[in-house]
Amino acid sequence: MTVVAVIGGTGAALFPRAAESERLSLPGNWGTASAEVLAWEQYGHRVLFLARHGEAGSIPPHRVNYRANMRLLADLGAEQVIALNAVGGIGVPSGALVVPDQLLDYTWGRPHTFFDNPDGPTEFVDFTEPYDSNLRKSLIKACAAAGSAAIATGTYGATQGPRLESAAEIRRLRQDGCTVVGMTGMPEAGLARELGLPYACLALVVNAAAGSATDIEPAGIHAAIEQHLQATVTAAGRVISCYLEQL
Ligand code: HPA
């Protein structure tokens, strides 16, 4: 039995949960997590589901207490973390699922490390490969099994939000090599690494990033998000189910 944490992002309320689930919380040193963790058994494994933006989906990306969330999942026994992140596509079509292998962090001012004591100790964790390669491989396999073949590489650009980007910002991200853009990929991935938790991202492309939207999605970014969120979250639910079945 493996304890698999799943962090749901925008649209987390649409993610399929077991009818019978426990609600778990624990006091911690890093403040209050976004929500209680829902726990259930599936295919002989234990799922810990956490809604990153809170039960009501109301916590903005820069106010998520990423440290409390990751500490809580670790304290509840998570052995690996699969993060679901709604993203804009930069040359990647809306509706696609992407399993990024790299990231770039453009966020600022977010509490982003557990090594925050002026007197140390500090561990300079290796982040060369920010996502766990075994977990990524299994997720990519699960996407295929679920009938939603993933784009198997990509670079996640983490922006500060909550506003969307300007066209020039997206041009810069594209030049930097980003293929998807979202507001919640960091510091979460870095904190998981600090805790030694294998972590991978399943990015749900819900719109064309700013500036590439006009010809592809004439109704605009918000209409695109509304159009693609339900389908991609439903696909993510199938992927996680296949992932657990194959684990
Ligand atoms: N930019 C940043 N974050 C996002 C986007 C976007 O276009 N779509 C969904 N999350």
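Predicted model: local features only at pLDDT ≥ 70, side-chain atom pairs only at ≥ 80, totals over all residues.
Close-up 1. Ala86 uses its backbone instead, with an N or O atom 3.4 Å from a nitrogen atom of the ligand. Taken alone, the ligand exposes 260 Å². The protein buries 93% of that area.

**Close-up 2. Residues from several parts of the chain surround the ligand.** Ala86, Val87 and Gly88 are among them. Leu164 and Glu165 also belong to the surround. So do Val181, Gly182 and Met183. Val206 and Asn207 complete the list.

**Close-up 3. Helix 2 packs against helix 6.** Helix 2 covers residues 133-145, and helix 6 covers residues 221-246. Two packed helices are described by the angle between their axes and the distance between the axes. Here the angle is about 115° and the axes are 8 Å apart. The crossing of helix 2 with helix 6 is right-handed.

**Close-up 4. Side by side, the residues of helix 2 and helix 6 make contact.** Helix 2 contributes Leu135, Ser138, Leu139, Lys141, Ala142, Cys143 and Ala145. Helix 6 contributes Val239, Cys242, Tyr243 and Gln246. Eight of the residues in this contact are nonpolar, two are polar and one is charged.

**Close-up 5. Two loops hold cis peptide bonds.** Most peptide bonds are trans. The bond from Gly120 to Pro121 is cis, with omega near 0°. Pro121 sits in the loop between strand 7 (102-105) and helix 2. Gly161 and Pro162 are also joined by a cis peptide bond, and omega there is about -5°. Pro162 belongs to the loop between strand 8 (155-158) and helix 3 (167-176).

**Close-up 6. Tyr43 has a positive phi.** Most residues other than glycine have a negative phi. The phi of Tyr43 is near 50°. Tyr43 is found in the loop that links strand 3 (37-42) and strand 4 (45-51).

Close-up 7. Ala74 is part of helix 1, residues 66-75.

Note on methods. Residues numbered from 1 in each chain as written. Heavy atoms only, no water. Axes fitted to C-alpha atoms, helices over the stretch in contact; angles between N-to-C directions. Helix = DSSP H or I, 4+ residues; strand = E, 2+ residues; numbered from the N terminus. Left-handed = near helix turned anticlockwise from the far one by under 90°. Contact = heavy atoms within 4.5 Å. Nonpolar A, V, L, I, M, F, W, Y, C, P; charged D, E, K, R; others polar. Near = heavy atom within 4 Å. Polar contact = N/O pair within 3.5 Å; in protein donor to acceptor, adjacent residues only side chain to side chain. Areas by Shrake-Rupley, 256 points an atom, 1.4 Å probe, with all protein chains shown as cover.
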